[in-house]
Amino acid sequence: MRIDRPALIAQYKFPLDRFQIEAMDVLDVGESVLVAAPTGSGKTVVAEYGISCALVDGKRAFYTAPIKALSNQKFNDLVELYGRDKVGLLTGDNAVNGDAPIVVMTTEVLRNMIYARSRALDDLGVVVLDEVHFIQDSFRGPVWEEVIIHLPRVVKLVCLSATVSNAHEVADWISTVRGMTRFVVEEKRPVELENLFMVGDRTFEREHLFPTLIDGRPNPEGARLEEQSRKLGGRSAGKGRGRRSLYTPSRLDVVERLNEEGLLPAIFFIFSRNGCNEAAESCFKQGLRLTSPDERRRITQIIESRLGDLEDDDLDVLGYPQFVAQLESGIAAHHAGLVPPFKETVEACFVEGLVKIVFATETLAVGINMPARSVVIEKLSKFTGEHHEFLTAGEFTQLTGRAGRRGLDEKGQAVVLWNPFVTFEQVAVLASSRSFRLTSSFRPTYNMAVNLVRSYSSEEARHLLNLSFAQYQTDRDVVKIEARLDRRLEQLAEMRTAAESPYGDIHDFRARIDGTLGMRSESAVEFSLNRLRPGAVIYVDKAKVNGRCVVLATAHRSGGVKLNVLTTQRATLNLSARDFREPVVALGHVQLPEPYAPTNPTFQKTVIERLISMRAEETQWTSPTPGHQAVHPVEDDPDLKARLKAAVQSDRLAREVDELRKQVKARGNSVARKFDRVLKILQDWEYINEWSLTEKGEVLARTFHESDLLVAECLDRGLLDDLDPAAMAGLASVFVYEHRSSEPPPAPWFPSAEVRKKWRRIESVSRELLQTEQSASLNQHRAPDPTYIAIAHAWAAGEGFAEVVEAEELSGGDFVRTMKQLIDLLRQIATMAPSAQTRSSAESAAKLLMRGVVAASSSVPGVAS
């Protein structure tokens with residue numbers, strides 16, 4: 001132990017926990033540490049100790065965070081602890097006291113410093129990597145690995161993470177890369193968590209609220225209610241007869257019940273911005289008032305201090321009157337559609353206990369310090385933009401981590417609401433799960449590749465890539481891959497034996513269906529679909545559906561036979577011949593309930609129960625339809641369906657065996673092979689020549705963007721040259737904006753024929769690059785989108801916020817976020833574009849965009865602008 005530790009921790013007026021002392025012991029012997037502990041447990045104390053040690057030793061300390069909002073919060077926390085003169089902030093929006101001994105920054109800023117070989121790293125003693133579990137984020141995760149791999153080894157790391165089940169593996173990897181790194185795990189929450197379940201019951205005209213788990217096992221009350229509902233056929237027997245007996249309590253009823261139970265303040269998670277807004281508005285309109293006169297006066301003070309810089313017209317567009325009225329009643333929404341000043345106002349009020357209920361999307365669970373007495377999770381699935389996904393154990397833990405305020409609550413409550421599509425057992429399993437394995441999302445990017453070429457030899461670069469966590473996990477998992485391959489080979493032999501028919505060659509029969517009948521493979525499938533009838537049980541292997549399904553309906557359309565099927569998860573799918581690789585064989589038949597009502601939930605539930613209860617021996621061969629001419633002796637085999645199923649399964653197993661063999665063959669160099677494919681593209685596109693950068697490569701090395709190569713190539717081809725600042729802002733927006741609505745985007749608007757022409761050339765470059773990436777089996781860049789050109793051009797040209805947002809029906813949060821991303825890109829272009837005129841225009845464009853609500857949303861609370 002350092003002899004000066006008592007002085008360094010004297011500021012804390014509470015006894016330190018075991019894990020905090022253990023982590024400090026690691027730092028005292030000069031080693032790095034990974035601390036994995038629940039939200040609110042005090043991991044920051046370890047970070048602050050590491051920072052204090054560095055300062056005493058005459059070194060600098062960097063604190064990195066994944067998002068700007070968290071960086072701003074940590075900046076203010078450290079200013080309060082160490083003083084304003086000792087703390088700086090570097091994000092894409094702000095540069096405050098960047099030469100200070102302690103600097104808070106986003107992880108990307110540190111990565112850029114490392115590649116630029118900044119002198120700021122010379123006297124660096126420690127780096128705190130907060131929220132290091134972001135390493136598994138598909139887009140930003142590689143940045144954490146780049147920092148860990150490339151940061152000078154003399155710099156010690158303090159890695160802070162949510163509780164993960166493979167902390168030892170992560171620490172072992174960091175030890176391999178940087179030297180000894182110990183892991184310290186704390187699984188006990190600072191405030192005990194109680195999981196609760198809430199369900200409405202029309203039989204008794206009441207809402208039940210009870211523990212999800214008793215002694216770590218599912219509460220029998222949940223199963224009892226579900227059984228009671230089943231006996232009633234899912235319908236209430238008394239008042240309200242004909243309606244479902246169990247129901248999801250309304251949002252207002254939930255909040256009022258929490259208030260009665262003394263469980264406010266609460267965060268109510270709804271995975272939809274519109275849902276959050278509607279919930280807050282509905283509760284307010286229905287008369288919910290949760291604040292006292294003194295609390296309302298304090299809320300008004302916070303609103304005035306936080307939103308005073310915004311123009312009245314801008315506030316009106318942002319729904320200010322409704323926002324204030326709800327906030328003063330103790331009600332708020334919090335999501336990415338709000339402008340940062342509004343979100344920060346909600347956070348400030350909530351931290352002081354003034355807002356009692358916040359309806360929030362899952363983004364609130366990331367980093368920001370907003371603990372609550374309880375949290376409510378309305379649904380255990382969320383829409384990804386393409387389909388619904390069930391929450392993982394890690395996501396559930398992240399959400400429930402907000403429940404319980406240290407020093408204020410003896411317990412925190414996590415309330416899950418009843419949902420007709422999720423069983424109580426599923427809720428209980430999720431509540432009791434402790435598995436959250438961290439996995440790497442590392443992949444070589446174009447910018448990473450040119451920076452490796454610029455900074456290292458070919459051998460050194462490949463060595464560094466082989467140090468990635470992705471490669472480490474690949475190597476450690478190779479034994480599991482080999483064992484899985486052995487199991488699949490055994491299963492393949494069994495399936496091939498089961499497919500053998502004493503009546504003839506099953507493979508010849510399948511070929512005859514495709515060939516002798518004059519059918520293409522798709523036609524053979526079409527032929528098999530034509531035989532299916534409602535109630536048929538078939539095997540489906542599509543996307544995330546892998547198993548038996550029941551045919552609900554068939555239809556003959558001009559495009560062929562269409563099937564409507566029901567999965568065991570009660571999802572309905574529309575399928576055609578294109579969804580099957582092989583002719584479809586009916587595995588059996590389910591008697592469909594009467595009356596026939598395929599969209600009715602009770603009908604679907606009965607079908608699934610009958611499907612699940614089917615035994616394998618119930619699958620019997622049904623002879624061909626009357627008048628059908630057998631095409632092969634094998635059709636007389638009474639077990640033909642089972643043999644065809646085995647043949648299809650053997651094909652699937654054979655493909656899996658081939659894939660596993662490829663994985664084994666690629667062990668030890670999978671990342672390097674991707675790197676070689678990236679290098680090949682960079683050579684073909686003249687960014688590198690042998691093992692050195694061309695002038696184009698130097699530009700790419702300074703391009704930090706998800707479409708880095710596309711941006712660099714467009715700059716090299718002069719597609720952003722000769723533009724005035726407003727046109728520059730508009731055209732550059734195609735690289736940052738992404739239309740995510742299910743509704744089609746409006747037709748793009750162009751300020752001139754020249755800008756339209758340049759856009760078409762950018763689009764052509766993107767198509768060329770996409771084809772190249774597809775051929776190389778690499779991740780494809782996001783295609784540019786011209787939808788935002790009109791908005792960016794109008795804002796840069798001086799139009800008001802109200803006019804721009806109202807005309808385009810944008811949320812304030814989306815407008816600000818996209819503008820800030822555009823400003824960041826323009827600032828990069830202003831330093832790296834080959835043309836001096838282009839650099840000047842980009843710099844002017846960035847300045848024109850940084851005004852009004854955008855500027856107000858970029859300031860750091862508590863720091864004078």
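Mentor: Start with strand E3 (residues 87–90) and strand E5 (residues 102–106), which pair in the parallel sense over four bridges. Within this pair, Val87 has Ile102 of E5 as its bridge partner. Two strands count as paired if DSSP finds at least two bridges between them. Strands themselves are DSSP runs (E, at least two residues), helices are runs of H or I with at least four residues, and both are numbered from the N terminus.

A word on the source. This is a predicted model, in which local features need pLDDT of at least 70 and side-chain atom pairs count only at pLDDT 80 or more, while totals for chains, interfaces and linings use all residues. Residues are numbered from 1 along each chain as its sequence is written, and side-chain values use heavy atoms, with hydrogens and water left out.

E3 and E5 belong to an open sheet of eight strands, with the order E4-E3-E5-E2-E6-E7-E1-E8 and mixed pairing. Strand E4 (95–96) and strand E8 (181–185) are the edges; each has a single partner strand, so one side of each lacks a neighbour in the sheet. In a regular strand, side chains alternate between the two faces of the sheet.

Next, strand E20 (residues 411–417). Six of its seven residues are buried, so the strand is mostly covered. Buried means under 20% relative accessible area, exposed means over 50%, and partly exposed lies in between (1.4 Å probe, protein chains only). Strand E9 (residues 192–201) runs parallel to E20, joined to it by seven bridges. In that pairing, Glu194 stands opposite Gln413. Strand E17 (residues 374–377) also pairs with E20 in the parallel sense, over four bridges. Here Val376 stands opposite Val415.

Turn to the chain start. Met1 lies in the segment before helix H1 (5–8). Its relative accessibility is 67%, so Met1 counts as exposed.

Last, the surface. Glu311, Asp312, Asp313, Asp316, Glu799, Glu803 and Glu806 form a negative patch. Helix H12 (312–317) and helix H31 (801–808) are the elements that give two or more residues to this patch. H12 supplies the largest share, three residues. Asp316 lies in H12. Patch residues have over 30% relative accessible area and no salt bridge, and like charges are joined within 9 Å. A salt bridge puts a side-chain nitrogen of Lys or Arg within 4 Å of a carboxyl oxygen of Asp or Glu.

Technical notes:
Patch = residues over 30% accessible without salt bridge, like charges linked within 9 Å, V, L, I, M, F, W, Y side chains within 5 Å. Areas by Shrake-Rupley, 256 points an atom, 1.4 Å probe, with all protein chains shown as cover. Lys, Arg positive; Asp, Glu negative; His and termini not counted. Charge placed at Lys NZ, Arg CZ, Asp CG, Glu CD.
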